[in-house]
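Hi,

Here is the structure I promised to send over. Have a look at it first, and then read on for what turned up.

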Amino acid sequence: MSAPSVSFEFFPPKSLEGSFRLWDCVNTLAPLDPTFVSVTYGAGGTTRKLTHEAVGTIHKTSGLNVAAHLTCVDATRSETLEIADGYAEAGVREIVALRGDAPKGAEKFTPHADGFASSIELIAALAETGKFTLRVGAYPEKHPEAADQAADIAFLKRKIDAGATSAVTQFFFEADTFFRFRDACVKAGIDAPIIPGILPIENWTGTQRFAAQCGTHIPQLIQDAFTNATRDGTTDLLATALATELCDDLRQGGVDHFHFYTLNRPELTRDVCHALGVTPKVRLQNVA
Ligand code: FAD
């Protein structure tokens with residue numbers, strides 16, 4: 001079995017220290033030759049400028065294919081399309097197009113009076129420009145706001161039909177969760193690739209909180225294992241083993257691309273990639 005392809009998600013730094021951390025992350029993971037790397041857009045559009053700067057800098061200095069996350073939150077249509085235009089001018093060709101979550105303090109997403117009312121509208125407008133490859137979010141355990149999984153998958157189909165060419169999933173911890181979701185998507189007529197989002201657990205407390213918010217189920221086995229590993233000081237080892245095992249199970253089911261949520265900490269993701277046979281590509285210019 002040949003090594004899978006990989007991609008990595010980063011978030012934009014808010015401080016000088018954060019910038020160094022991101023840079024270390026990019027330099028550690030770039031040799032693994034990712035298909036693309038993506039940069040998030042802070043909830044409520046809070047990192048608009050920082051995302052733009054991080055995307056531009058990574059694109060310019062690393063030569064990696066960068067996908068900029070873009071949401072509909074708190075911006076007019078023209079402001080959002082202007083940001084996208086800026087990316088196109090900078091040579092950025094990929095966008096992860098999302099509705100986005102509500103800004104802090106707000107209970108639910110409310111469209112800006114002159115803004116895109118849904119991810120579908122955003123995707124359609126970006127597709128019309130003809131300038132981008134568009135990826136979207138997908139939810140193997142259903143989005144918390146969806147009535148049920150069938151409605152969620154029907155909505156995903158509309159996002160693909162609006163012009164997206166692949167979907168990246170929310171993180172999950174059991175391969176069967178993904179397989180069931182993938183089968184249901186195929187049954188609903190979705191033929192675009194669905195890329196599993198993998199979260200190597202860097203911070204157990206934060207992961208539990210985040211999983212509860214997203215509706216991601218954490219199996220009891222993982223909860224017990226983390227209780228023991230926390231006691232023994234072996235959480236990194238456990239996190240690497242769990243993420244590798246999950247990817248391995250997914251590989252057995254035909255998955256050939258993994259998207260890693262790095263949280264700007266490259267070590268766990270690098271170790272999982274190595275275990276999967278994704279190893280550094282040495283550039284000829286560096287050995288000649
Ligand atoms: P959508 O797919 O548009 O909506 C989510 C679900 O809600 C739909 O599947 C559907 O079931 C239901 N729904 C929504 N609108 C309607 C409607 N009009 N009618 C019927 N049902 C509807 N958030 C950020 O703020 N910044 C990021 O950078 C970011 N990156 C992400 C990357 C990935 C890979 C993923 C999976 C999520 C990311 N998020 C990010 C989180 C995301 O913004 C939230 O999950 C948000 O609540 C939904 O965005 P979406 O585009 O996936 O939503």
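Before the helix pairs, a quick word on terms: a helix axis here is a line fitted to C-alpha atoms over the stretch in contact, and an angle between two helices is taken between their N-to-C directions, on a scale from 0 to 180 degrees. Please also keep in mind that this is a predicted model.

Let's begin with H4 and H5. Helix H4 covers residues 119–129 and helix H5 covers residues 149–161; they pack at an angle of about 15 degrees, and their axes are 8 Å apart. Angles under 35 degrees count as roughly parallel, so that is the label H4 and H5 get. Their crossing is right-handed. On the H4 side the contact involves Ser119, Ile120 and Ile123, which meet Phe155, Arg158 and Lys159 of H5. Sorted by class, the residues of this contact are three nonpolar, one polar and two charged.

H5 also packs against helix H6 (residues 175–187), this time at an angle of about 60 degrees and with the axes 10 Å apart. H5 and H6 are therefore oblique to each other, and H5 passes H6 in a right-handed crossing. Here Gln149, Ile153 and Leu156 from H5 meet Phe181, Ala184 and Cys185 from H6. That contact has five nonpolar residues, one polar and no charged ones.

The other pair is H1 and H2. Helix H1 (residues 16–29) packs with helix H2 (residues 48–62) at an angle of about 40 degrees, with 12 Å between the axes. This pair is therefore oblique as well, and the crossing is right-handed. H1 brings Leu22, Trp23 and Val26 to the contact, while H2 brings Ala54, Ile58, Thr61 and Ser62. The classes come out as five nonpolar, two polar and no charged residues.

Some distances to ligand oxygen atoms:

- Asp152: a side-chain N or O atom is 2.2 Å from an oxygen atom of the ligand.
- His143: a side-chain N or O atom is 2.8 Å from a ligand oxygen.
- Gly100: here a backbone N or O atom lies 3.3 Å from an oxygen of the ligand.

Cheers

Technical notes
Residues are numbered from 1 along each chain as its sequence is written. This is a predicted model: local features need pLDDT of at least 70, side-chain atom pairs count only at pLDDT 80 or more; totals for chains, interfaces and linings use all residues. Side-chain values use heavy atoms; hydrogens and water are left out. Helices (H or I, at least four residues) and strands (E, at least two) are DSSP runs, numbered from the N terminus. Angles under 35 degrees count as roughly parallel, over 145 as roughly antiparallel, 65 to 115 as roughly perpendicular and the rest as oblique. A crossing is left-handed if the near helix is turned anticlockwise from the far one by less than a right angle, and right-handed if clockwise. Contact means heavy atoms within 4.5 Å. Ala, Val, Leu, Ile, Met, Phe, Trp, Tyr, Cys and Pro count as nonpolar, Asp, Glu, Lys and Arg as charged, and the others, Gly among them, as polar. A polar contact is a pair of N or O atoms within 3.5 Å; within protein, one must be able to donate a hydrogen and the other to accept it, and residues adjacent in sequence count only if both atoms are side-chain atoms.
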